[in-house]
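Subject: Structure handover

Hello,

Here is the structure we spoke about. Please open it alongside this note; my findings follow below.

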Amino acid sequence: MSQPKSLPRPSILSIEPYVGGESKIPGVNRIVKLSSNEGAFGVPPGAQAAYIAAAQELHRYPDGHATALREAIGRRFGVDPARVVCGNGSDELIQHLILAYGGEGTELVMSAHGFVMYDISGRYAGCRVIKVPERNLTADVDAMLAAVGPRTRLVFLANPNNPTGSCLPASEVARLREGLPAEVLLVLDSAYAEYVTRPDYDPGTALVEAGTNTVMTRTFSKIFGLGGMRLGWAYAPVHVVDILNRVRGPFNVNSAAQAAGIAALAEPGWVEKSVAHNTEWRATLSEALRGIGITVHPSEGNFILADFGTAERASAADAALRARGVIVRAMGAYSLPQCLRITIGTAEECRMVQEALTEFMRGAAAHG
Ligand SMILES: *Cc1c(COP(=O)(O)O)cnc(C)c1O
């Protein structure tokens, strides 16, 4: 007898499950994981201590408003804590925004190689997800504006974008906002904001504060080294804060994450050290790979996108890295199968990548 079976809404069956960065290679003990853009320096020591201390109070429900954390975010980033909403990773906030403002009969606009969670959550909500072609792997503001129609409710821009590393200057983001109908919600995902070195950048704070219908999302998963804690935040106009506070779980950010987040923000010199290291090694590794004939796209994040020309070559390079225990990210899910995304790790890890790919390119040249 066949088992009874419920069916989800049809759009949900079009979702391809998210595939995260791998962390194991069978038979290899020492792994260098450069597949998920986690920071190069591990967990901030103060955050680790705060996490352990939080174990004493695990029987208590967390503060459902994450008040102390929002105040710490406010002080650190110069934002109004009343307009900050914390989430179980910024992915959670992205999903809530899309479910709350999108849905069947609406459209969500993103760039062709934009962060994949917008597509997944958009389909979950039942939105038609429109992926707008890019120029030189960079979001094209004019093309995105041209894709906006009467059904468009949400426009998503990761800036810098993962996986391309490309970044729009503040003037281009402002031009995108100005060109959108006022009632379309613009979500600026600034997961990599701290790593940006170009001077004409704004993570979105200014547009949120200018009173436009714009939300900025941020995360503790990258420079703050807390991917395993699941902690992110949104800075939003009051009317959006109100909606997020209605739909989120009342205790969506657990007590250990709140404690670790506050401590990570207070870690002396952490961001400065991480940015200095990333700026140096992003440039060094990019130049080194270009020097051996690999196209490397300019990146403002803590990762680089290396283009091997063909999918076959990219997967052969991936295999060569794996043979040395180095795991990077294949890019098939982003329609970039000829590319590998490589996180900037420690100096030693960057050298391992360089050596493995140097040997690989020599072999490739010898074999034609
Ligand atoms: C890593 C990343 C995030 C962060 O997600 P969390 O849920 O906060 O871990 C969000 N957006 C982009 C573009 C990212 O690369």
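How many of the seven residues of strand E5 (residues 152-158) are buried? Six are, so E5 is largely enclosed by the rest of the structure. Please keep in mind throughout that this is a predicted model.

**The seven-stranded sheet**

E5 belongs to an open sheet of seven strands, ordered E2-E8-E7-E6-E5-E3-E4, with mixed pairing. Its edges are strand E2 (84-87) and strand E4 (128-132), each of which pairs on one side only. On average, neighbouring strands in this sheet are turned by 20 degrees against each other, direction ignored.

With strand E3 (residues 107-111) the pairing is parallel, over three bridges. There, Leu108 stands opposite Leu154 of E5. With strand E6 (residues 185-189) the pairing is also parallel, over five bridges. Leu157 has Leu188 of E6 as its bridge partner. Ala158 stands opposite Asp189, again in E6.

Helix H3 packs on this sheet. H3 touches E2, E3, E5, E6, strand E7 (214-219) and strand E8 (232-235). The direction of H3 makes about 160 degrees with that of E5.

Together with helix H6 (residues 170-179), they make a right-handed β-α-β unit.

Helix H8 lies across E2, E6, E7 and E8. H8 runs at about 30 degrees to E2.

How do H3 and H8 meet? The axes of H3 (residues 90-101) and H8 (residues 238-247) come within 10 Å and cross at roughly 100 degrees. The two helices are therefore roughly perpendicular to each other. H3 contributes Leu93, His96, Leu97, Ala100 and Tyr101 to the contact. H8 contributes His239, Val240, Ile243, Leu244 and Val247. By class, that makes eight nonpolar residues, two polar and no charged ones.

**The four-stranded sheet**

There is also an open sheet of four strands, in the order E9-E10-E13-E12. Its pairing is antiparallel. Strand E9 (295-296) and strand E12 (329-330) are the edges, and each pairs on one side only.

Strand E10 (residues 303-307) and strand E13 (residues 339-343) pair in the antiparallel sense over five bridges. Ile304 stands opposite Ile342 of E13.

Which helices pack on this sheet? Helix H10 (residues 270-291) touches E9, E10 and E13, and its direction makes about 10 degrees with that of E10. Helix H11 (residues 311-323) touches E12 and E13. The direction of H11 makes about 35 degrees with that of E13.

Ala257 sits in helix H9 (residues 255-266). Is this residue buried or exposed? Its relative accessibility is 0%, so Ala257 counts as buried. Leaving aside neighbours within four places in sequence, Ala257 is in contact with Met229, Arg230 and Leu231. Glu38 is 219 residues away from Ala257 along the chain, and their C-alpha atoms are separated by 16 Å.

Best wishes

Definitions and conventions. Residues numbered from 1 in each chain as written. Predicted model: local features only at pLDDT ≥ 70, side-chain atom pairs only at ≥ 80, totals over all residues. Heavy atoms only, no water. Axes fitted to C-alpha atoms, helices over the stretch in contact; angles between N-to-C directions. Parallel < 35°, antiparallel > 145°, perpendicular 65-115°, else oblique. Contact = heavy atoms within 4.5 Å. Nonpolar A, V, L, I, M, F, W, Y, C, P; charged D, E, K, R; others polar. Buried < 20%, exposed > 50% of the residue type's maximum accessible area, 1.4 Å probe, protein only. Pairing = 2+ DSSP bridges. Right-handed = clockwise from strand over helix to strand, strands pointing away.
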